[in-house]
Amino acid sequence: MKSNEELLIIAKEASNNSYSPYSQFPVGACALYESGNTYSGCNVENSSYGLTLCAERNAMSNAVANGEKSKLIKIAIFSPKSSLCFPCGACRQWIQEFSQGYNTEIILEDNNGNIQIFNINDLLPHSFTLM
Ligand code: THU
């Protein structure tokens, strides 16, 4: 299993590939699954702004596209900004879905090297469910 530091390095590398000409706000994410597999993603913007894809959902889509079926254990999120990039509401709902009942860790790092760790159940209590 990769360490938190390794996940953050991969997230940082992914943020270098960010396509964010409109916001100038690069984000990179690295998702770790129970299988030990990791998948990364960056944010991808569009001239029709509302079509923007966040780094976290790009990473989780990458996992699905590669056939990942196990639980999402951790997701590291890096943005080269002065404050931490918390996952947006849509990404929190996606994280909750792929956590499959596990209280997924969300590891954040900013440009000053500040690292904070949260759990999805704290960031998204009472998430939407079909049950
Ligand atoms: N963004 C992410 O990639 N993840 C988040 O959790 C929040 C926001 C991106 C979307 C957009 O490209 C840029 O950050 C500014 O909103």
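# A guided tour of the protein chain

With 131 residues, a compact globule would have a radius of gyration near 14 Å, and the protein chain has 14 Å, which agrees with that expectation. Please keep in mind throughout the tour that this is a predicted model.

**The whole chain.** Begin with everything shown as a cartoon, and you will find four helices and five strands in the protein chain. If you trace the elements from the N terminus on, they run in the order α-β-β-α-β-α-β-β-α. The C-alpha trace spans about 40 × 35 × 30 Å along its principal axes. Of the 131 residues, 43% count as buried, and the protein chain exposes about 6,900 Å², of which carbon and sulfur atoms supply 50%. Among the contacts with a separation of 6 or more, 63% are accounted for by residues 24 or more positions apart.

**The charges.** Next, colour the charged side chains, of which 8 are positive and 12 negative; the centres of the two sets lie 3 Å apart.

Move on to tyrosine 33 and tyrosine 39, which form an edge-to-face aromatic pair with 5.5 Å from centre to centre and 80° between the planes. Both tyrosine 33 and tyrosine 39 are buried.

**Serine 15.** Select serine 15, which is found in helix α1, and which counts as buried because its relative accessibility is 5%, under the 20% cut-off. Leaving aside residues up to four places away in sequence, serine 15 touches Pro26, Val27, Gly28 and Phe78. If you draw a distance from serine 15 to alanine 76, 61 residues apart along the chain, their C-alpha atoms are separated by 11 Å.

**Isoleucine 75.** The following stop is isoleucine 75, whose place is in strand β3 (residues 72-78). Is isoleucine 75 buried or exposed? At 0% relative accessibility, isoleucine 75 counts as buried. Show its surroundings, and, not counting residues up to four places away in sequence, you will see that isoleucine 75 touches Ala29, Cys30, Ala31, Glu56, Ile95, Thr104, Glu105, Ile106 and Ile107. For another distance, select leucine 51 as well: leucine 51 and isoleucine 75 are 24 residues apart along the chain, and their C-alpha atoms are separated by 23 Å.

**Glutamine 96.** End the tour in helix α3 (residues 89-99), where glutamine 96 lies. With a relative accessible area of 16%, glutamine 96 is buried. Which residues does glutamine 96 touch, not counting residues up to four places away in sequence? Select Ile120, Asn121, Leu124 and Ser127, and you have the residues that glutamine 96 touches beyond those sequence neighbours.

Note on methods: Residues are numbered from 1 along each chain as its sequence is written. This is a predicted model: local features need pLDDT of at least 70, side-chain atom pairs count only at pLDDT 80 or more; totals for chains, interfaces and linings use all residues. Side-chain values use heavy atoms; hydrogens and water are left out. Helices (H or I, at least four residues) and strands (E, at least two) are DSSP runs, numbered from the N terminus. The radius of gyration is taken over C-alpha atoms; the globule rule is 2.2 Å times the number of residues to the power 0.38. Buried means under 20% relative accessible area, exposed over 50%, partly exposed in between (1.4 Å probe, protein chains only). Contact means heavy atoms within 4.5 Å. Accessible areas come from the Shrake-Rupley method with a 1.4 Å probe; for residues, only the protein chains shown count as cover. Lys and Arg count as positive and Asp and Glu as negative; His and the chain ends are not counted. The place of a charge is taken as NZ of Lys, CZ of Arg, CG of Asp or CD of Glu. Rings of Phe, Tyr and Trp (its six-membered ring) pair if their centres lie within 6.5 Å; planes under 30 degrees apart count as stacked, over 60 as edge-to-face and the rest as tilted.
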